[in-house]
Amino acid sequence: MKFQWEENLVLGITQIDKEHMELVQQANKLFDALGDPDKSSKEILETLNFLAGYVVNHFNSEEKLQLKYGYPMFNQHKRIHEDFKKEVATLIHDIEINGLKTSQKLSINKMVIHWLKNHIGVEDRKVAEYIKSKQ
Ligand SMILES: [Fe+2]
């Protein structure tokens, strides 16, 4: 299951929009790997690690921007970022130790899609509206 980029996910902050599109591309590489029965746990883990690294960089740049504009919900947003990083790190650790079960693949795919939709479409939208009101 791929993530379809939609126009309504464009938030109007160029840097963030660019990074979100890149994030979705990286996520889709993970979904391709998850849906490919020929891919090993190790190969899937590589795409997941790459995505996790990208996520960390992207969160950092979002947080910098929020601080620059004094976003009042910064702490709450930062906590959401920290929780997601922890969730992904736990998942990576689990796969490293136990390998990846076929039954986990769909739930990983759904979890990431759900997170992207909700985070970009809801939480980051609030940030973007605030920043645009300050520009
Ligand atoms: Fe965010």
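Modeller: Axes here are lines fitted to C-alpha atoms, for helices over the stretch in contact, and angles run from 0 to 180 degrees between N-to-C directions. Helices are DSSP runs (H or I, at least four residues), numbered from the N terminus. This is a predicted model, in which local features need pLDDT of at least 70, side-chain atom pairs count only at pLDDT 80 or more, and totals for chains, interfaces and linings use all residues. Residues are numbered from 1 along each chain as its sequence is written, and side-chain values use heavy atoms, with hydrogens and water left out.

Biologist: At what angle do the axes of helix 1 and helix 2 cross?

Modeller: The axes of helix 1 (residues 14-35) and helix 2 (residues 41-68) cross at roughly 165° and come within 9 Å. The two helices are therefore roughly antiparallel (an angle over 145 degrees).

Biologist: Which residues of helix 1 meet helix 2?

Modeller: Among them are I16, L23, L30 and L34, and the helix 2 side includes I44, L48, L51 and L65 (contact means heavy atoms within 4.5 Å).

Biologist: Turning to helix 3, which residues are buried there?

Modeller: The buried residues of helix 3 (residues 74-98) are F74, H77, H81, F84, V88, L91, I92 and I95. Buried means under 20% relative accessible area, with a 1.4 Å probe and protein chains only. Their cover includes helix 2 and helix 4 (102-134).

Biologist: And what does H81 touch?

Modeller: H81 has 0% relative accessibility. Leaving aside residues up to four places away in sequence, H81 touches F59, E62, E63 and H119.

How values were computed. Parallel < 35°, antiparallel > 145°, perpendicular 65-115°, else oblique. Expected span 1.5 Å × (residues − 1). Buried < 20%, exposed > 50% of the residue type's maximum accessible area, 1.4 Å probe, protein only.
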